[in-house]
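Got your viewer open and a selection tool ready? Let's take a short walk through this model, one stop at a time.

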Amino acid sequence: MPASLAAKPHPDLPEADLRHSLRWISRIARGTTLLATIMALGGIAYFIIDPEPALHLFGPQGLLGPSTPQSGAPGDPRNARGLLFLALLPALILFVLTAHGIFRLFHRFGQGRILDGETARQLGNVGWFLFASAEVAILTRTLVALALTWHNPPGQRHLVLSISLNDFMLLLFGLFVLAFAQVIKQAARIAEENRGFV
C-alpha cells in the first residue's frame, strides 16, 4: 500500500474542541473573578469610608432615624468604621477564598486538567465555600446592623436577622458543586484504573 494511502492517526476532534472551549471559558471566568474581587474590595472600602448610605438598606428612615446625624454624635455611623470592618471581615475573607478557588479551578480547566483528584478536591473546596457563604451572609447582615447602631443610646441598638432567597440559592448551589466534585472524583478514579489496564 502506498505510504500516502496508509492510515494516519488523526487528533481527537471532539477532545480538541472541548479543550479550545475550556480555554476560552477559562479566560472569561478568570477575568470575571478578578473583576469581581476588585469590585468587592472597592465596595467594602467605600462602605467603611462612608457608611451613612448603608443606612438606607435597613429601611426608608434608616437604623438611626429620619434625620442625618452630625459628625461625632453618638449615633453617627461614621464612628463605627472599625466595627463595620470587623463585621464585614468574615464575608470578605470567605469571598477572597472562594474567588481564589474558582480562579485556580478554571486555570486547571484551561489547561485541560479535568478528570483528576486535584481538580475534584479544589471543586469540593469551592462547594464548601459557597455553602458557607449563605450562613456568613446572614451573619454579616446582623453584624453590620449592630455595628451601625452600636453607638446609639441604650435601647436603640438594632438586631437584624434576615434570610433571603439568595441565601437558599447559595446553599443549593454549594450542594450542587459538592455533588459534582464527588462525580469528578469518581470519574478520575475510573479513568486512572482504565489507564492502568492499558
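Here is the tour, with something to select at each stop.

Before you click, know that this is a predicted model: local features need pLDDT of at least 70, side-chain atom pairs count only at pLDDT 80 or more, and totals for chains, interfaces and linings use all residues. Residues are numbered from 1 along each chain as its sequence is written, and side-chain values use heavy atoms, with hydrogens and water left out.

**Stop one: Q122**

Select Q122, which sits in helix α3, residues 117-149 (helices are DSSP runs of H or I, at least four residues, numbered from the N terminus). Is Q122 buried or exposed? Q122 is buried, because its relative accessibility is 6% (buried means under 20% relative accessible area, exposed over 50%, partly exposed in between, with a 1.4 Å probe and protein chains only). Now show what Q122 touches: setting aside neighbours within four places in sequence, its contacts are R104, L105 and R108 (contact means heavy atoms within 4.5 Å).

**Stop two: the salt bridges**

Side chains of opposite charge can pair when their charged atoms come close. How many salt bridges are there by this rule? The count is three (a salt bridge is a side-chain nitrogen of Lys or Arg within 4 Å of a carboxyl oxygen of Asp or Glu).

- R108 is buried, at 9% relative accessibility.
- Next, pick E118 and R121, whose closest N and O atoms are 2.6 Å apart in their salt bridge. They are three residues apart in helix α3, so about one helical turn separates them. E118 is partly exposed at 28%, and R121 is partly exposed at 42%.
- Then select D167 and R141, joined by a salt bridge of 2.5 Å, N to O. D167 belongs to helix α4 (residues 165-197) and R141 to helix α3, so this pair ties together parts that are 26 residues apart in sequence. D167 is buried at 3% relative accessibility, while R141 is partly exposed at 25%.

End on M169, found in helix α4 and partly exposed at 49% relative accessibility.

Note on methods
Helix = DSSP H or I, 4+ residues; strand = E, 2+ residues; numbered from the N terminus.
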